[in-house]
Amino acid sequence: MDVIALDDPTDAQIREWHGVLAAVHAADPGAQPTPDPDLTTRLLLGAEPGSRQRLWGVADGAGLAAVALLRLPGEPGPERPGEIDVQVRPELRRRGLGGRLLAAAAEGLRADGRTSVITQVLAGTPAVPFLESHGFECVLTLRGMLLRLDDLPAGRVARLLAAGPAGYRLVRWHGVVPDEHAAALARAKHAMADFAEYEGTPWDAHRVRETAEIVAKRGDDLYTVAALDGPVIAGFTEVVVPHDATGRAAQYDTAVVPEHRGRRIGIWVKAAMLSWLAEARPEVREIETDNVSDNVHMLAVNAELGFRVERESVEYQAAVTDLLALR
């Protein structure tokens, strides 16, 4: 079985790719939604704005047995890592298929000038020993949480809003950040305990605008609520509602700047977001989020709001030179 490039996949190859995802989900569901065929098609036929992608597969007589998607965000070069997703049919694991796809992706990464690659997988699944055996190291542990809005006690959001800290005011916007808040939002994003330590790309006004534009170009809606101390953004929260939302939205970034912590700003802006969504997007009935496992404060905020842990994921990173050496 040979590795083949699938950068221009046929309809049949897209169906086979989706079949691999469905088989993996059936074996390792991990509280993740069942793969959607339309989403798979969109994923394979076009990279997100601001990035490029490469696709590979390994085929046997029955179709695709394993697949790999390499996302290349931003411009070529070492500034940002690539993002790899390798999936192998459960009954065909431990036959070297995943390793061969990683080798192909490593060549793609080198050709694009990348020096590292990251991936996210469910904890406790076969993906973990596979990655570790190929030189990946764990850099983050994430708890996947879900808030079911129908389970919120009556009046909780209103009470949290009424208990907001003195001296701050709330602002909100849909889509790209207004010019007057762009630089302040970039500074606030440095407070996040996320990929900043190893992603290598600083937040600035251009990047916060670009991120929102990418969300808009794929047809999704980005909502932001921020707490202001004068012109300074003391804390903020973001939620994205997919264009084909079936009742579930995704929590994006939430952060409180260090000098403003301890004043319940995080839960205040999140309550304001829930109130806004109830008005603007009443079809949203669930919100999912991932929190770094050692971010005790945000975990406590989400638990108080009613989020419940549904899964644990791990982020892994490898140097491209290490992957090339394994060939």
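Biologist: How many salt bridges are there between domain 1 and domain 2?
Modeller: Keep in mind that this is a predicted model. A salt bridge here needs a side-chain nitrogen of Lys or Arg within 4 Å of a carboxyl oxygen of Asp or Glu. Between domain 1 and domain 2, the count is zero.

Biologist: Okay, and where does the domain assignment put domain 1 and domain 2?
Modeller: Domain 2 takes 153-305 in the assignment. Domain 1 comes in two pieces, 3-142 + 316-326. As for their centres, taken over C-alpha atoms, the separation is 29 Å.

Biologist: How many residues of domain 2 are in contact with domain 1?
Modeller: Contact means heavy atoms within 4.5 Å. On the domain 1 side, 15 residues take part, and on the domain 2 side the number is 17.

Biologist: What area do domain 1 and domain 2 bury between them, and which residues of domain 1 lose the most?
Modeller: The two domains bury about 1,400 Å², with 57% of it on carbon and sulfur atoms. Three residues of domain 1 lose the most area to domain 2, together 35% of what that side buries. They are Pro49, Leu140 and Leu142.

Biologist: Which strand gives the largest share of the side of domain 1 that touches domain 2?
Modeller: Strand E5 (116-122) and strand E6 (137-148) each supply at least two residues of that side. The largest share, four residues, comes from E6.

Biologist: How many residues on that side of domain 1 are nonpolar?
Modeller: The side of domain 1 that touches domain 2 has four polar residues and four charged ones. The nonpolar residues there number seven.

Technical notes
Residues are numbered from 1 along each chain as its sequence is written. This is a predicted model: local features need pLDDT of at least 70, side-chain atom pairs count only at pLDDT 80 or more; totals for chains, interfaces and linings use all residues. Side-chain values use heavy atoms; hydrogens and water are left out. Domain bounds come from an automatic or database domain assignment. Buried area is the accessible area (1.4 Å probe) that two parts lose on being put together, summed over both. Ala, Val, Leu, Ile, Met, Phe, Trp, Tyr, Cys and Pro count as nonpolar, Asp, Glu, Lys and Arg as charged, and the others, Gly among them, as polar.
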